[in-house]
Amino acid sequence: QESPRIYTREEVRSHSSPETRIWVTLGSEVFDVTEFVDLHPGGPSKLMLAAGGPLEPFWALYAVHNQSHVREILAQYKIGELSPEDKVPSTLKTSDPYADDPIRHPALKVNSQRPFNAEPPSELLTENYITPNPIFFTRNHLPVPNLDPETYRLHVVGPPGGQSLSLSLDDLYQFPKHEITVTLQCAGNRRSEMTQFKEVRGLEWSTGAISTAHWAGARLCDVLAQAGHQLCETEAHVCFEGLDSDPTGTAYGASIPLARAMDPEAEVLLAYEMNGQPLPRDHGFPVRVVVPGVVGARHVKWLGKLSVEPEESYSHWQRRDYKGFSPSVDWDTVDFDSAPSIQELPVQSAITEPKDGETVESGEVTVKGYAWSGGGRAVIRVDVSLDGGLTWQVAELDEEEQRPRKAWAWRLWQLQAPVPAGKKELNIVCKAVDDSYNVQPDTVAPIWNLRGVLSNAWHRVHVHVHA
Ligand code: HEM
Ligand code: MTE
């Protein structure tokens, strides 16, 4: 019997396109699945996400693969084994402040490695109403702290003359457990479309800086009440500080108005669970703030301290970032103090299928995507055009429940429509309407801003039609 051929991870990685052939690994086995890609019941584009690497992280998301007939199919394509030293991950360098960052899911499209910023690919983004934890978009400004749940304490500064609290995880579990499904969106979602129009400063997010989870934790209003805080007539803000910090010791920070924090209907959480699991490290283990309907930047992760102050947080991310400006403002003229910090986000929608540049079959086309609005405003309609916005059809919204004034989570939608006869290409467009009848602007130009935030123009995808 012949001994199996031995390959390194490096070699496997170099086989990730049809030109070089498509290899994947499972355990220590190496497979050439080039001939199977077009036969994959889940579609070629999903299989291609694993090209050149291990299948395990993807199959962990889709349990359909835990069946013997799937293993048998794969077995036909075996070409060899991984070299023994490649079965264990290579050790990390210790001088690097990011060396202790967690291992991430390979499906994530990485926009920056240090700090880690990544989004799920559009093929997977709307595959599930609830985004699986391993592919939830990640937006870090600093290295991920490694916190011990036993010694973790949340410092809650008391009111003047009152008492401060130091809460352990067990203390937080004693508050009534509150659970809600909330979509988190970064202010920079879809920034790359603004960049295409005119350069901006910021990470190149595509349409995936948005994800949805079922969160559980203590309500912020309950914790504030226990510390003796009350709603006051004068302006006040709840300031949050993360336990992640830069080499100078500056921590991530942000704030929200006290009125929102104290409003039980606003459902602001100190979350310790995400989709039934302890928070993953990238998403704030052991405790993060979840502020439904509000921009991601205020959902402070690795929460270490909260206090009530007469002014907004002095953090860079509250005062010198995450604000919107006129297209006429540039880096020489910008006055950050002149604009309010972003809190509730405007109405948003995007197409996740088909992808820009793809070729679709003639006959019928399926268009899929997401829609969401800030402030608990429900999405009431999504319109889709196949001709660049000349004519429109109404998409079908998914069945998920939307509570009035508390529609914290996105709606997935789809439209199945005949491809107009003789068309060689389609300019697919989507736009959403929320229950205040807010709509999305049709182009980027009038909402362009130097930081590339609040990018919510009609989403456009250009596809070819198979002859
Ligand atoms: C479905 C095989 C890679 C996502 C399936 C099925 C098979 C299969 C046989 C049908 C299972 C059934 O219904 O009984 C394979 C093989 C792969 C591979 C041999 C690698 C060579 C992947 C990857 C992903 C993926 C990398 C994802 C990111 C899916 C999905 C379905 C599916 C979502 C379900 C489709 C549906 O519900 O209609 N796969 N798969 N697969 N696969 Fe894969
Ligand atoms: N909290 C801390 N402590 N540090 C951070 O870098 N990033 C913020 C927010 N909370 C951040 C943070 C930003 S800008 C966003 S969009 C969300 O976390 C992203 O949350 P996620 O990584 O769980 O998706």
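A polar side-chain atom of His69 lies 3.1 Å from an oxygen atom of ligand 1, a polar contact being a pair of N or O atoms within 3.5 Å. The model is predicted, with local features needing pLDDT of at least 70 and side-chain atom pairs counting only at pLDDT 80 or more, while totals for linings use all residues. Residues are numbered from 1 along each chain as its sequence is written, ligands are numbered from 1 in the order in which they are written, and side-chain values use heavy atoms, leaving out hydrogens and water.

**Around the ligand**
- In the side chain of Gln67, an N or O atom is 3.1 Å from an oxygen atom of ligand 1, and a polar side-chain atom of His40 is 2.8 Å from a nitrogen atom of the ligand.
- Ligand 1 is surrounded by 19 residues, counted if one of their heavy atoms lies within 4 Å, and the closest are His40, Trp59, His65, Gln67 and His69.
- Helix 4 gives the largest share of this shell, four residues, where helices are DSSP runs (H or I) of at least four residues and strands (E) of at least two, numbered from the N terminus.

**The iron site**
- His40 (NE2) and His65 (NE2) coordinate the iron atom of ligand 1 at 2.0 to 2.1 Å.
- His40 lies in the loop between strand 4 (29-32) and helix 2 (44-48) and His65 in the loop between helix 3 (56-59) and helix 4 (68-75), so the pair ties together parts that are 25 residues apart in sequence.
- Both histidines, His40 and His65, are buried, meaning under 20% relative accessible area (1.4 Å probe, protein chains only).

Terms used
Donors = N, O, S within 2.8 Å, 3.2 Å for Na, K, Ca; no water. Buried < 20%, exposed > 50% of the residue type's maximum accessible area, 1.4 Å probe, protein only. Polar contact = N/O pair within 3.5 Å; in protein donor to acceptor, adjacent residues only side chain to side chain.
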